[in-house]
Amino acid sequence: MSAKRLLMGRKQPVETTMMTTLDDAELDRTRRPRTPLQGFGAFLGKGDGDVARVLVLLLIVVVIGLVAPNFISKASWMALSQTATVVALLAIGQTFVIITGGIDLSVGAVMACSAVIGAVVMRELAAGGADPSIAILVGLVTSLGIGSLAGLINGLIITKLRITPFIVTLGMLSVATGSMNLISGGAEIVGLPPQLGSIGNTPLGGWFTVPVLVTILVAVVAGVALSQTRFGLRTFAVGSNQGAARRVGIGVDWHIVRVYVFAGFLAAVAGFLLTSRFVSASTMAGTGMELSSIAAAVIGGASLMGGRGSILGTMVGALIMAALQIGLIIAGVASFWQTIAIGIITVAAVYGDQIRIKYSGERS
Amino acid sequence: MLKKHNSRTAIGLASSAFVLLATVACSGATATEPSEGADAPATGEDFTIALVPGMTTHPAYQTMYCGALQAAEELGVTVDFQGANAWDPAQQLPVVQSLLATSPDALLLVPSDSSALRPAVDQFLSADIPVITVDTGLEDTSGLTAEIMSDNEQGGGAAAQALGEAIGGEGTVAIISGVPGATTDIARVDGFRAVMEEQFPNVTLLEPEYSRSVVATAESQVQSLMLAHDDLAGVFGVNGNSATGAANAVANAGADIVVAGYDAEPGTVEQLRSGNINILVVQDFIQEGQLAVQYAYAALTGDESAIETPRVLENIIATTENADDPEVSKYFYIPECQA
């Protein structure tokens, strides 16, 4: 959104009338005296609502913690952080895609597919007597390659054949699932180098496992890329107004392709980390994950219309979902109520965000 | 660089080539076992019996295939193993329908849906081809020569008996089920609950959590349950993935919790041997395959008295202690049956 203004302000002086009215509106707001409530509203709205989202997360943690004190514990953190990694990694890629105005329904299937194929490679190398670290490395590279390739195919079909992302990635969901079952025979892949398990399960410094650290690293890099670099600026520009982005000379198609490759790559990272946690790869691992990743991004403030979203928001979204998943069981909520609660909170979070935007006078 | 138009065509061509390739690969995989006796007329004892599993490549059905081959060798009949690569009635149905054209002498079917496969079964019945359902069943069983199934309630009950004894009949026990509404999972949970309540009244049994057969979900559910219940003593994972996730959670926490699982796939057997899973319910797929062929043969030779239907097979309990005993490990599933 800010990028849109920036872009228009810089490159399209034609729209000066619109800019003037905007300035007037802003002037109007600043003239009015602030009530404490408005001040609080402005505080919540900081960082495009990220402050509000962090507060919602804290509220959920405190409420569940009051009901079930065990929720505030190291063991709970270990479970929560591990659970959040998969959704967080998929949702970071999803956020970039959603900001460009697209959607990626294939992230879950691509995650499972790249993990299973990478695992088959590791299993065959290990069975053939290869050094475990070589086998793991080759498996990793294979996984990342498959994930990126799936993203590349998604991006190319979307931009060159002009088919909507919904359909293309729905097709990829099917193709990736089918290819995975062809190669694995539909069964879980086992017989992997046991050293994998120490990557996935050893807590470093007692509190953070490797998958959690990798997720944090990816989030920081992606957050900086989205908010501080030309890549991020273009991502917003493409999603806000594709035509305008094209006119100012942005290689829109190429940019969209890169964003889908990034989403596929991150899906493969998530899949490899899962494999390292269980020292096996399951064909069921991606089931429903595309929807969880979309939910995390949307709770995090991303707009399915494109042009809006942040990595911090998405990470908070993923944490909210993991906190509910873990916390509601610890609080003794029956399993069917858990799914109902997660659904209600997803919709409520987005509604709350819209209310906030309306009252803060921002344009979404 | 290609012009836009050309690159579009190129991508279109490339994707159609990909689809074509995948289709060829699929059809190649379905026709892995061409029947040798399909063309020969069924004279005397030269019978060809078609076996359609839920999915061809799953270790459970490879094991069933091996059992069927053993019986077929004894009886001197041919087994034609055909099926889909995934558990999907939409993929299984065309396989079954196309088999009709090869006129097998009998059909052994693992229906992937209790009603979707019924019309295809009717086509066989009206062609006077006997049909036997194996492992799973049909809602409408009329006209079937026999039904062979494994007793999921007994399996759940046996898991409860072994788990209850292992924890000394005290503490809290959790159940991680697969997808809500799956009939086999429900039967396993019911059997588990019935035996646990009757034999171990001091055990607190929790309501099931549903992992949807996702390993990571099962793991986080068990991690949460360990926090919610200090006295958690046992977990029953009603299928392979649920048990694997539970085992991982318990092993990582170093907790003293007994894990019971279901199905001796390579993954769960590995966990059983390493002690992460302590108890495993194993279905006797070898016997399912053998019985199916024997019953088909009996029906074809008019020896109806040899058929017992419905035939419900009991499951075997494997533990970490007896996992290397050949009397137990002979029931573990075979990843790929060598025909």
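This is a predicted model: local features need pLDDT of at least 70, side-chain atom pairs count only at pLDDT 80 or more; totals for chains, interfaces and linings use all residues.
A:Thr215 belongs to helix α10 of chain A, which covers residues 210–228. Is A:Thr215 buried or exposed? Its relative accessibility is 4%, so A:Thr215 counts as buried, the cut-off for that class being under 20%. Now display its surroundings. Leaving aside residues up to four places away in sequence, A:Thr215 touches A:Thr85, A:Ala88, A:Leu89 and A:Met315.

**Helix α11 of chain A**

Next, select residues 230–240 of chain A, which form helix α11. Which residues of this helix are buried? They are A:Gly232, A:Thr235, A:Phe236, A:Ala237, A:Val238 and A:Gly239. Then show the side chain of A:Thr229, at the start of α11 of chain A. A side-chain oxygen of A:Thr229 comes to within 3.3 Å of the backbone nitrogen of A:Phe231.

**Helix α8 of chain A**

Proceed to A:Ile167, a residue of helix α8 of chain A. A:Ile167 has a relative accessible area of 48% and is therefore classed as partly exposed. Select A:Ile103 as well, and draw a line between the two C-alpha atoms. The distance in space is 9.5 Å, while 64 residues separate A:Ile167 and A:Ile103 in sequence.

**Where chain A meets chain B**

Colour the two chains separately and select the residues of each that touch the other. On the side of chain A there are 35 residues in contact, and on the side of chain B there are 39. Between them, chain A and chain B bury about 3,000 Å², with 63% of that area on carbon and sulfur atoms. Within chain A, select A:Leu182, A:Phe278 and A:Ile329, the residues that lose the most area to chain B. Together, these three account for 19% of what the chain A side buries.

How many salt bridges does the rule find across the interface of chain A and chain B? It finds 1. To view this salt bridge, select A:Arg277 and B:Glu219, whose side chains meet at 2.6 Å, N to O. Between chain A and chain B, the count of residue pairs in polar contact is 7, with both residues at pLDDT 80 or more.

Now select helices on the chain A side.

Chain B contains 11 helices and 13 strands. It has 339 residues, of which 54% count as buried. Among the contacts in chain B with a separation of 6 or more, 71% are between residues 24 or more positions apart.

Domain 1 of chain B consists of residues 33–144 and 284–314, and domain 2 of residues 152–282. Taken over C-alpha atoms, the centres of the two domains of chain B are 33 Å apart. What is found where these domains of chain B touch? In domain 1, 4 residues are in contact with 4 residues of domain 2. The two domains of chain B bury about 360 Å² between them, 57% of it on carbon and sulfur atoms. Select B:His58, B:Pro59 and B:Glu314, which supply 69% of the area that domain 1 buries against domain 2, more than any other three residues.

**Backbone details in chain B**

Most residues other than glycine have a negative phi, and most peptide bonds are trans. The final stops concern exceptions to these patterns.

Begin with B:Asp135, in strand β4 (residues 131–135) of chain B. Phi of B:Asp135 is positive, near 70°. B:Asp135 has a relative accessible area of 13%, so this residue is buried.

Continue to B:Arg212, in the loop between β8 (209–210) and α7 (215–228) of chain B. B:Arg212 is not a glycine, yet its phi is positive, about 55°. With a relative accessible area of 45%, B:Arg212 is partly exposed.

Finally, select B:Thr309 and B:Pro310. A cis peptide bond joins them, with omega about -5°. B:Pro310 lies in the loop between α10 (285–300) and β12 (311–313) of chain B.

Methods:
Residues are numbered from 1 along each chain as its sequence is written. Chains are lettered from A and ligands numbered from 1 in the order in which they are written. Side-chain values use heavy atoms; hydrogens and water are left out. Domain bounds come from an automatic or database domain assignment. Contact means heavy atoms within 4.5 Å. Buried area is the accessible area (1.4 Å probe) that two parts lose on being put together, summed over both. A salt bridge is a side-chain nitrogen of Lys or Arg within 4 Å of a carboxyl oxygen of Asp or Glu. A polar contact is a pair of N or O atoms within 3.5 Å; within protein, one must be able to donate a hydrogen and the other to accept it, and residues adjacent in sequence count only if both atoms are side-chain atoms. Buried means under 20% relative accessible area, exposed over 50%, partly exposed in between (1.4 Å probe, protein chains only). Helices (H or I, at least four residues) and strands (E, at least two) are DSSP runs, numbered from the N terminus.
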